[in-house]
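Biologist: I have a structure open and want to learn how to read it. Can we go through some features one by one?

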Amino acid sequence: MTQQKARHVPVLFEVVMEFIRVRPGGTYVDCTLGLAGHAEGIVRQLGSAGHLIGFDRDPEALELARTRLTRVCEELGSQAPQVTLIGEAFSTITEHVNPASVDGLLADFGASSLHFDEARRGFSFQADGPLDMRMDTRSGPTAEQVVNEMSERELANLIYEYGEERRSRTVARAIVRGRPVTTTGQLARIVASAVPAMKHDKKHGHIHPATRTFQALRIYVNRELDEIRQLLEAAPSLLKPSARLVVISFHSLEDRIAKDSLRDGAQKGIWEILTRKPVTAGEEETDVNPRSRSAKLRAAERK
Ligand SMILES: C[S@@+](CC[C@H](N)C(=O)[O-])C[C@H]1O[C@@H](n2cnc3c(N)ncnc32)[C@H](O)[C@@H]1O
């Protein structure tokens with residue numbers, strides 16, 4: 001494991017463990033294994049009759065998660081639970097998980113530190129790499145295809161909708177003029193020269209002008225919001241009565257979907273909401289893990 005990966009810390013770990021409330025012998029689903037930090041916490045509490053089902057559509061993340069969880073299970077010996085890992089999008093969950101069979105379901109949305117730390121994955125504007133941004137590297141268009149093949153108008157709409165970038169038309173015009181765009185560094189420079197830096201944000205420090213454009217492309221390339229909608233739609237049918245759902249969002253588009261879906265479900269008598277307001281990380285955590293600054297956790301119990 002490289003130093004970068006070793007530094008990965010799961011966000012809101014204690015809060016997740018408290019809300020997911022692992023019952024020994026139960027069945028738990030981690031929809032977003034990543035580097036398996038949360039999954040390890042669950043596996044350690046499940047006991048030999050328990051079952052963890054984990055999803056990650058990124059083959060590289062899935063292998064790292066497998067290595068980590070295998071090591072943990074070896075350590076637990078006869079107390080190790082059953083572990084099933086699935087290398088597919090969590091929107092396929094109903095194909096793999098039986099109705100009313102789950103005691104807890106966790107989803108920690110978005111990209112992982114693996115994606116941001118490895119320049120070759122093309123997620124980061126801070127390190128130069130190919131403009132890829134696919135979590136599932138086996139399929140789908142890359143960000144490079146999107147920026148070079150979309151019309152200026154479509155590109156502007158995408159950056160506006162998924163990046164919440166008010167200056168989306170200016171950005172799209174600059175991208176089209178700069179084509180062909182093939183690297184993250186080139187795209188970051190094009191955006192930075194087209195629009196001035198966002199004003200200094202006290203909480204988050206300096207925001208790079210390309211932040212919103214990169215977010216928009218990533219969401220589009222990975223169909224991130226549709227994935228979340230499909231998962232939240234499927235969740236009630238998968239959970240047993242009094243089972244728990246825990247979701248962590250990293251930007252307002254994700255959190256809005258989670259908030260609306262839980263509120264609608266609560267009105268229909270499906271959910272009891274456990275977090276009236278989303279739980280956020282304390283200073284102690286944000287100091288050591290800057291990514292946790294934007295995390296918002298919501299939890300609900302199936303009625
Ligand atoms: C924020 S990370 C999760 C980190 C993890 N909780 C941990 O403790 O290491 C999100 C992970 O979910 C995966 N992912 C994101 N969207 C997905 C989807 N729709 N289906 C399956 N995996 C997804 C990403 O590839 C990434 O590895």
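Modeller: Let's start with one side chain. This is a predicted model. Tyr220 has a relative accessibility of 34%, so it counts as partly exposed.

Biologist: Where does Tyr220 lie?

Modeller: Tyr220 is in helix 11.

Biologist: Which residues does Tyr220 touch, leaving out those up to four places away in sequence?

Modeller: Tyr220 touches Val146, Met150, Leu158 and Tyr162.

Biologist: How far apart are Tyr220 and Val279 in sequence and in space?

Modeller: In sequence, Tyr220 and Val279 are 59 residues apart. In space, their C-alpha atoms are 27 Å apart.

Biologist: Now the cysteines. What is a disulfide?

Modeller: A disulfide is a covalent bond that joins the sulfur atoms of two cysteines.

Biologist: Next, helices. Which residues of helix 2 are buried?

Modeller: Helix 2 spans residues 13-20. Its buried residues are Val15, Val16, Met17, Phe19 and Ile20.

Biologist: What covers the buried residues of helix 2?

Modeller: The cover includes helix 3, residues 37-46. It also includes strands 1 (27-30), 4 (102-108), 5 (239-249) and 7 (296-302).

Biologist: What follows helix 2?

Modeller: Arg21 does. Its phi is positive, near 50°.

Biologist: How do I read the packing of helix 2 and helix 3?

Modeller: Take the axis distance and the angle. The axes of helix 2 and helix 3 are 10 Å apart, and the angle is about 45°. The two helices are therefore oblique to each other. Their crossing is right-handed.

Biologist: Which residues make that contact?

Modeller: Helix 2 contributes Phe13, Val16 and Met17. Helix 3 contributes Gly37, His38, Gly41, Ile42 and Gln45. By type, the contact of helix 2 with helix 3 has four nonpolar residues, four polar and no charged. Val16 and Met17 are also among the buried residues of helix 2.

Biologist: Let me try another pair. At what angle do helix 8 and helix 9 cross?

Modeller: Roughly 135°, with the axes coming within 8 Å. Helix 8 and helix 9 are therefore oblique to each other. The crossing of helix 8 and helix 9 is right-handed.

Biologist: Which residues meet there, in helix 8 and in helix 9?

Modeller: From helix 8, Glu152, Leu155, Ala156, Ile159 and Tyr160. From helix 9, Ser168, Arg169, Val171, Ala172, Arg173, Ile175 and Val176. This contact of helix 8 with helix 9 divides into eight nonpolar residues, one polar and three charged.

How values were computed: Residues are numbered from 1 along each chain as its sequence is written. This is a predicted model: local features need pLDDT of at least 70, side-chain atom pairs count only at pLDDT 80 or more; totals for chains, interfaces and linings use all residues. Side-chain values use heavy atoms; hydrogens and water are left out. Buried means under 20% relative accessible area, exposed over 50%, partly exposed in between (1.4 Å probe, protein chains only). Helices (H or I, at least four residues) and strands (E, at least two) are DSSP runs, numbered from the N terminus. Contact means heavy atoms within 4.5 Å. Axes are lines fitted to C-alpha atoms, for helices over the stretch in contact, and angles run from 0 to 180 degrees between N-to-C directions. Angles under 35 degrees count as roughly parallel, over 145 as roughly antiparallel, 65 to 115 as roughly perpendicular and the rest as oblique. A crossing is left-handed if the near helix is turned anticlockwise from the far one by less than a right angle, and right-handed if clockwise. Ala, Val, Leu, Ile, Met, Phe, Trp, Tyr, Cys and Pro count as nonpolar, Asp, Glu, Lys and Arg as charged, and the others, Gly among them, as polar.
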